[in-house]
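Please keep the sequence and the model in view while reading.

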Amino acid sequence: MTEGEPSQSKLEDLLVDEEQMNEELLTNLLADYVGIGSDSGSLVPTPAFEELTAKQQIVVVLLAQRARHELEMVESEQLTPTEISEESGIKTGTIYPSVRDLEDEDIAVGNDGSYHIPPYNFTKAKQFIRGDV
């Protein structure tokens, strides 16, 4: 290092605010498919949501649950298949095999019968919803 050069490492240029990045990605991804009721916290699907496959809708519902959790509207970022059904209108008989597939595809993570999508899978979830996978 020469005199007058800043002591900051170039590697520090790689540092990002993970929470802000995840929030932006989540917002941009969900805005096309659902809104969240400001008073009720209920999901408000858009016409584009209805055009998705059941598995894609499940991914959107799980991501929306994460958003509601971040907004402190719900206690948990996880949903059971029954709760996913209540939020999406998809029959539970379709949800059970779909969430297992999403877990096998490393998009959703299961924990004692509840599922969520962790931030490190947001990009993969986005590609899945957009049909890029």
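Which residues does L63 touch, not counting residues up to four places away in sequence? L63 touches L26, L29, L30, I117, F122, A125 and I129, where contact means heavy atoms within 4.5 Å. This is a predicted model, in which local features need pLDDT of at least 70 and side-chain atom pairs count only at pLDDT 80 or more, while totals for chains, interfaces and linings use all residues. Residues are numbered from 1 along each chain as its sequence is written, and side-chain values use heavy atoms, with hydrogens and water left out.

**The nonpolar core**

- The largest nonpolar core contains 31 residues; such a core is a set of buried Ala, Val, Leu, Ile, Met, Phe, Trp, Tyr and Cys residues joined through side-chain atoms within 4.5 Å.
- At least two residues of this core come from each of α1 (18–30), α3, α5 and α6, and α3 gives the most, with eight residues.
- V59, L63 and I117 have the most contacts inside the core.
- Helices here are DSSP runs of H or I with at least four residues, and strands are runs of E with at least two, numbered from the N terminus.

**Helix α5**

- Helix α5 covers residues 92–104, and its 13 residues should span 18 Å at 1.5 Å a residue, the expected span being 1.5 Å times one less than the number of residues.
- The end C-alpha atoms of α5 are 18 Å apart, which agrees with that expectation.
- I95, S98, V99 and L102 of α5 are buried, meaning under 20% relative accessible area, with exposed meaning over 50% and partly exposed in between (1.4 Å probe, protein chains only).
- Seen down the axis of α5, these buried residues fall within an arc of 100°, so they line one face of the helix; the arc is that of the directions from the helix axis to the C-beta atoms.
- The face turned away from the buried side of α5 carries the exposed residues G93 and D104.
- The cover over the buried residues of α5 includes α3 (54–70), α4 (81–88), β4 (114–116) and α6 (122–129).

- The axes of α3 and α4 come within 10 Å and cross at roughly 95°, which makes α3 roughly perpendicular to α4.
- This contact involves I58, V61, L62 and R68 of α3 with I84, E87 and S88 of α4.
- The axes of α3 and α5 come within 10 Å and cross at roughly 75°; these two helices are therefore roughly perpendicular to each other.
- Axes are lines fitted to C-alpha atoms, for helices over the stretch in contact, and angles run from 0 to 180 degrees between N-to-C directions.
- Angles of 65 to 115 degrees count as roughly perpendicular, under 35 as roughly parallel, over 145 as roughly antiparallel and the rest as oblique.
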